[in-house]
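New notebook page, new structure. I'll jot down what I look up as I go.

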Amino acid sequence: MPGRALDVLIVEDEVLLATELEFLVQEAGYHPVGCAMSSDEAVDLARSLHPDLALVDVHLRDGPTGVEVVRKIHDDCGCVALFMTANVKRLPDDFAGACGVIGKPYSEHGVKTALAYLAVCLEEGHAPGLPPVGLALAPAYAELWGLTETPRSA
Amino acid sequence: MTDYLKSQRASDQLAAEHGIDDPFAAAIRATRMAMIVTDATQADNPIIFANDAFLRLTGYARSEVIGRNCRFLQGPDTSPVAIGELRGAIADGDDIAIDILNYRKDGSTFWNALYLSPVRNKLGQIIYFFGSQLDVSEKKQTEQHLRETRSDLEDAVEARTRELSLALEQKTALLHEVDHRVKNNLQLISSLLLLQNRREKEPAVKHSLRGMLERVNAIATVHRRLFQSEDVERFDVSAFVRDLVSDMAGSANRDEIRVSLDLERVDVPASKAAPLALVISELFSNALRHGFPEGRSGHISVSITRTNGEFRIEIADDGVGMAEGARSTGFGLTIVQLLCQQLKARSETTATQPGTRVVVNLPVNGAHH
């Protein structure tokens, strides 16, 4: 497994997606530390569990609150968030502080390679290359991790 | 001598100079156009002549107008700007044509197309003013009506444009919503298949589930790409193939199989994207899964080229070939055949020893219809 064993928080209101994603994260060699279905739950879990990475859907049980969740957990807990949404175009330009986005529908392989890529980025502080197919980085993180160009391929 | 008498005398003098046999004077008296003459040499420039048409137009008797300045025609709604212009022209000794709102004796109004011009003597001094009046109320009304109609029309167009913009906005929002739901539902379907696959122990069932997952993923890859470009009608096949092949080859986790792509950019109508994606996915999966058993290494190439009126999609491998690697396992091949029929495409499979080459020829823009 490339990179370190990340603690991953899943924020997704569709229970089948969340369950499968949890399996997938585990299979890829990381630790799923919890699943949140609403924005309050997500912020509470992020504060108490201090995950390395939060996978956040934009539409949660209490509405399109995923963007605010990302902003809060980024500002309050310094948690790195990654959007997983079918509505990539509706994300704010600054990604609300998230490191990037995986567009739905994603594939099993797409998520695994994205996680492996991000694990290396977080561990080493710079990107091992261009992001894999399906993953688009936020401009701020692309710069932080030493990439000058960020093709949005998700 | 009173003003009236003075004016009457000036009038008599004018009449004497232009007697009964003067055809010009007769014409002015009898014309249907209202006309007056004022005496510029008298104080306040009084009217000394008014023809019958003027009296008919204004409703006054001759005795009521002779000796008066013609400002008695003005009233409360007469434009002060127009009055100012009129005064300026008289003071400067210029002629002037102006539309001005005037009042009749009975208080009713009419639009007067007034023409006023100075008459000079031999020394160049202004001695008279000649004025002609034309009732243009109807024309003004028509103009006003036209202005109102045009303004109404502009309002209506603006309102309709607003409605249409709003409708378009709503339709766009709806399209985004539907797109969002399609993507989420595809994600849900693929998660369901993955979950069941995790629980399943029977290898044959797992194999079937994997096959279905691959097909759903192919359609999902199409939808990820579909609304990315501005043109929602066209679909870039080369970009899609790059995504699909990278995902399938990556998830197969077979580093010993090299994959090369040679893709010309070709667009197909969005409606053909999903069936074409399924065909390509099926053929590539076939090569990947059956061409290289037991860790056999090799090469798969995928190319898309455009030749006279057709897209040529070629998937070739140097694997074990058709006979050895139990290919065309029924369902996959059936899907390819059925979809080629739907796409009006021709598919040819050739044993290349080693390996297999499948070529799909697809008519551009339904040219073979």
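**Entry 1: a helix on a sheet.** Which strands of chain B does helix H5 lie across? I note before answering that this is a predicted model. I looked up H5 of chain B, residues 80-92, and found that it lies across S3, S4 (109-120) and S5 of chain B. Its direction is at about 130° to S3(B).

**Entry 2: the sheet itself.** Next I wanted the strand order. Chain B has an open sheet of five strands, and I read the order as S2-S1-S5-S4-S3, with antiparallel pairing. S2 (47-50) and S3 (96-103) of chain B are at the edges; each has a single partner strand, so one side of each is left without a neighbour in the sheet.

**Entry 3: one strand pair up close.** How many bridges join S1 to S5 in chain B? I found six, between S1(B), residues 34-39, and S5(B), residues 126-135, and the two strands run antiparallel. I also picked out one residue, Asp39(B): its bridge partner in S5(B) is Tyr128(B).

**Entry 4: where the chains touch.** On to the contact between chains A and B. I have 17 residues from chain A and 21 residues from chain B in it. On the chain B side, H6 (137-199), H7 (203-226) and H8 (237-252) each supply at least two residues. H6(B) gives the largest share of that side, 12 residues. By type, the chain B side has 10 polar, six nonpolar and five charged residues.

**Entry 5: a helix pair across the contact.** For two packed helices, I need the angle and the distance between their axes. I took H1 of chain A, residues 15-27, and H6(B): their axes come within 9 Å and cross at roughly 50°. H1(A) and H6(B) are therefore oblique to each other, and I put their crossing down as left-handed.

Which residues of H1(A) meet H6(B)? I listed Leu16(A), Leu17(A), Thr19(A), Glu20(A) and Phe23(A). Among their partners in H6(B) are Gln187(B), Leu188(B), Ser191(B) and Arg198(B). This helix contact divides into seven nonpolar, three polar and two charged residues.

**Entry 6: domains of chain B.** The domain assignment of chain B gives domain 1 as 3-135 and domain 2 as 233-366. I noted 97 Å between the centres of these two domains of chain B, taken over C-alpha atoms.

Key: Residues numbered from 1 in each chain as written. Chains lettered and ligands numbered in written order. Predicted model: local features only at pLDDT ≥ 70, side-chain atom pairs only at ≥ 80, totals over all residues. Pairing = 2+ DSSP bridges. Helix = DSSP H or I, 4+ residues; strand = E, 2+ residues; numbered from the N terminus. Contact = placed C-beta atoms within 7 Å. Axes fitted to C-alpha atoms, helices over the stretch in contact; angles between N-to-C directions. Nonpolar A, V, L, I, M, F, W, Y, C, P; charged D, E, K, R; others polar. Parallel < 35°, antiparallel > 145°, perpendicular 65-115°, else oblique. Left-handed = near helix turned anticlockwise from the far one by under 90°. Domains from an automatic or database assignment.
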